[in-house]
Structures are given as structure tokens and as C-alpha cells.
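Please open the model in your viewer and keep the sequence panel beside it. The tour below goes from one selection to the next and says what is to be found at each stop.

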Amino acid sequence: MEQQPIIYMDNAATTKVKDEVIAELLPCYNEIYYNPSSIYSQSRRAKALMDVARRRVAKALNCSPDEVYFTGGGSEADNFAIKGIAFKNREKGNHIITTTIEHHAVLHTCQWLEKQGFEVTYLPVDKDGFVTAAQVGEAIRDNTILVSIMAANNEIGTIEPIAEIGALCREKKIAFHTDAVQAIGQIAIDVKAMNIDLLSLSGHKIHAPKGIGVLYVRKGLRIDNLVHGGAQERGRRAGTENVAGIVALGKAIEMATEQLEDHTRRMSAMRDRLIEGILQIPYSRLNGPSGDRRLSNNVNIIFEFIEGEGILLNLDFEGICASSGSACTSGSLDPSHVLLAIGLPHELAHGSLRLSLGDFNTDEEVEKVISVLPGIIETLRSYSPLWNNHLKQLKQQGQ
């Protein structure tokens, strides 16, 4: 029996590694496999490849190569930034500001710091997931040492006003960190223009392998180390470097930056077609903003009277890979904290579908999703007591 083609629309969870990236990383496994911290000439070949990758990342972010620190991924970079600033600056204060819709790598880190005696303000967001610079300004205290606000939300695609928040923090001389894991490769990021002091990114969201990330740290910023041991990464992050991952990330971020305009144009067209087609289904609604205030590859829609898990299973039968929220919480039975934060009740927050597009998606795949989804929703609702009760109420009301 011939297997049906897979339609992958979960690119916010992870992405396929591009052939051009694989071509650059493979020699790091079977040819230039040396430890870049050694002093012999072959080792220096590995070190040279790392230097090229570091320059590529720096160019993409508009920073200096010596402000780029390679990590094991986005979550580690978030932990490094938040814990590093917190403990290095504890004599100045113990107050941190973040939002209620951050990735759990930020939220759980802040919650852990609260147990260590730090105070954290979790700013609420509006119905589309936005926080404002004015809110940040109102929350700042004399003992505030860090503001951490994501550049773009991983579930509902909201692009936050990072430049305005960064300018405020720079004026107040407060360190500003942004989790840009979902933003890199989707929107232009300039750490200087946006007044960003620390920025986290992850390779596997931009067609590089898993297990590699970056923390940008503005030169002169005081920050404690997260991983102690050797002198790698200029003494900031111990451990033998993942040369292959670093090389791959360098190539991937270079490609993402060079292709950004064409990428966002194509993603936006497919995103808008998906939203238009899916919202024809009764009792559905878009979560998050529309237009250019939303990531070009993000679609998140609620379907009333059913749960997201059933939608995902039925899409899987059709060969379509999607999610109902963050991949990091897919095993949880709790509703999305992001959807709750934008004001959705628990029963609605359980019925979300996230489709996140990537460079390998096609218009034909978009149309396939639009064609099969109405039948899936109709079938699931036919089994739903909530839907049947709703129909009874409509009948009683004569509708």
C-alpha cells in the first residue's frame, strides 16, 4: 500500500534541515571532526569554521562576533540570559519583569528564581497577545534589573513592540532580554536598532539541526555563567563545542536572512489563504492579531464545542502534521497558558489548532488542509455533547 504524502505544518515546533545546511555540516563529522580548542593545525580548521558561523550570526543580528555565544538551544539561551543577569546583578536589585505569554523556558525560569528570593512581575496582555512599553514602564521599580519579553509568540504569532520596549529599558538602564526563537527567520531583527541587550535563538526553528542555539550578549553587560567548566566560548559557556551544529546554524541563519523578504511574502499569502478558508467553518475564530502584526507563517484558530486533540488525530489520518499549541507542552492536558492569558475560557482554549508554515509548504498543501478540515470538524462535533446541547438550544429558540 502506497503511503500518502506527508503535509508538515508544524514548523513552529521544528523544521526540516535544508540540503544546503546538511552539505556544510557533514564534513564536521567525518573530515573536520577535531576539537576546536586544541592547538594543532587540524583543530584550527574546526575553529575557523566556527569563526565563519559566528560572523554569519553576527551579521544577521547586526552585532559583533564576540557578542555571540553558542548554546545547546533556545531554552538554554533563555536560562543563561535570565539567571545570568539575575545573579550577577543581585546587589542592584531582585525584580524582573516578563509577560504571561512567554515560552515556558522563560516562565519556569522566572518561577524558579522566585524561589531563590527574586520578585517577578508577569504583565498581562490584551486579547491579541500584545504588551505595551507603557505597561513595562509602569511596572519598573527602583530594584528592577531585567525585562524579558519575547519578540514573537510561538502559539498565536503576536509580534511584540520590542524596539519601543528596548528603548525604554535602555533609557532606564535596565537589561532587556528577548526570546527571539520564533522571530528569527520570520521578521528582521537588529539588536542595535531595537536596543536589545540579550537575545535567544534556536537553530532547529530555521532549518538547522536540533541542539544548537545562540545567546547574544551586548558587550559590557555583566552576566554570570550558566555552564561552568572549561574556557570555551570565551569563558562564558563551558563544554566542547558542537562544531557541526554551529556550522549548520551559521549557514541556516545566513540563508534565512538573505531570503527573508521572499519568505515572508510567500508565507503571508499562504497564511492568509488558510485563515480565510478555515474561518468559513461555523463557530471558528482566529487567535491573535491579523496582518503584519502577526508572524507570516502562523495560524491559530479555535473551534468551539470540540477539543484540539481530536482535530490533530484526524488530521494525522490525512497525513497532515499540526499542533494545538506549543510542542513543549503537547503532553499536557492543561489548556494553553497563552490562550488563557488572552482571555479565552478553559473550554475554548482546549479547542485550538496551530498551523505553522515553512519553506517546504506549497499552495496545494494549503488547499488540501482547507478541503479536509470542515469534514473533520463536523464529524467531531457530531460526537460532542456540547455541540448537541447547542443544537437543542438553537432549536428551542426557533433558530
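Begin by selecting Leu199, which, leaving aside its neighbours within four places in sequence, is in contact with Leu61, His177, Thr178, Ala180, Ile189, Val191, Val214, Leu215 and Tyr216; contact here means heavy atoms within 4.5 Å. This is a predicted model, in which local features need pLDDT of at least 70 and side-chain atom pairs count only at pLDDT 80 or more, while totals for chains, interfaces and linings use all residues. Residues are numbered from 1 along each chain as its sequence is written, and side-chain values use heavy atoms, with hydrogens and water left out.

A nonpolar core is a set of buried Ala, Val, Leu, Ile, Met, Phe, Trp, Tyr and Cys residues joined through side-chain atoms within 4.5 Å, and buried means under 20% relative accessible area, exposed over 50%, and partly exposed in between, with a 1.4 Å probe and protein chains only. Helices (H or I, at least four residues) and strands (E, at least two) are DSSP runs numbered from the N terminus.

An open sheet of seven strands has the order 2-8-7-6-5-3-4, with mixed pairing, where two strands pair if DSSP finds at least two bridges between them. Strand 2 (68-71) and strand 4 (119-123) stand at the edges with a single partner strand each, so one side of each is left without a neighbour in the sheet. From one strand to the next the twist averages 20°; axes are lines fitted to C-alpha atoms, for helices over the stretch in contact, and angles run from 0 to 180 degrees between N-to-C directions.

Within this sheet, select strand 3 (residues 95-99) and strand 5, which run parallel and are joined by three bridges, and look for Ile97, whose bridge partner in strand 5 is Val147. Helix 5 (residues 104-115) packs on the sheet, where it touches strand 3, strand 4, strand 5 and strand 6 (175-179), and its direction makes about 145° with that of strand 4. Helix 7 packs on the sheet as well, touching strand 5 and strand 6, with a direction that makes about 160° with that of strand 6.

From helix 7, move on to Lys173, which is found in the loop between helix 7 and strand 6. Lys173 has a positive phi of about 60° although it is not a glycine, and it is exposed, with a relative accessible area of 76%. Which residues lie nearest the centre of the second largest pocket? They are Lys92, Ile145, Lys173, Ile174 and Ala175, out of 19 residues that line it. The volume of this pocket is about 330 Å³, and the largest share of its lining, three residues, comes from helix 7.

Another kind of space is the cavity, and the structure holds three of 30 Å³ or more. On a 1 Å grid over the protein atoms alone, a cavity is a set of points where a 1.4 Å probe fits but cannot get out, a pocket is an open set with protein on both sides within 12 Å along at least five of seven lines, and lining residues have an atom within 4 Å of a point. Grid points are joined across faces, edges and corners, and a volume is the space filled by probe spheres set on the points. The largest cavity holds about 210 Å³ of space, and of its 22 lining residues the closest to its centre are Gln186, Lys205, Ile206, His207 and His263. Helix 8 gives the most to this lining, with three residues.

Finally, select helix 9 (residues 260-278), which lies across strand 9, strand 10 and strand 12 and runs at about 10° to strand 10. These three strands form an open sheet in the order 9-10-12, with antiparallel pairing. End at Arg293, in the loop between strand 9 and strand 10, which is partly exposed, with a relative accessible area of 42%.
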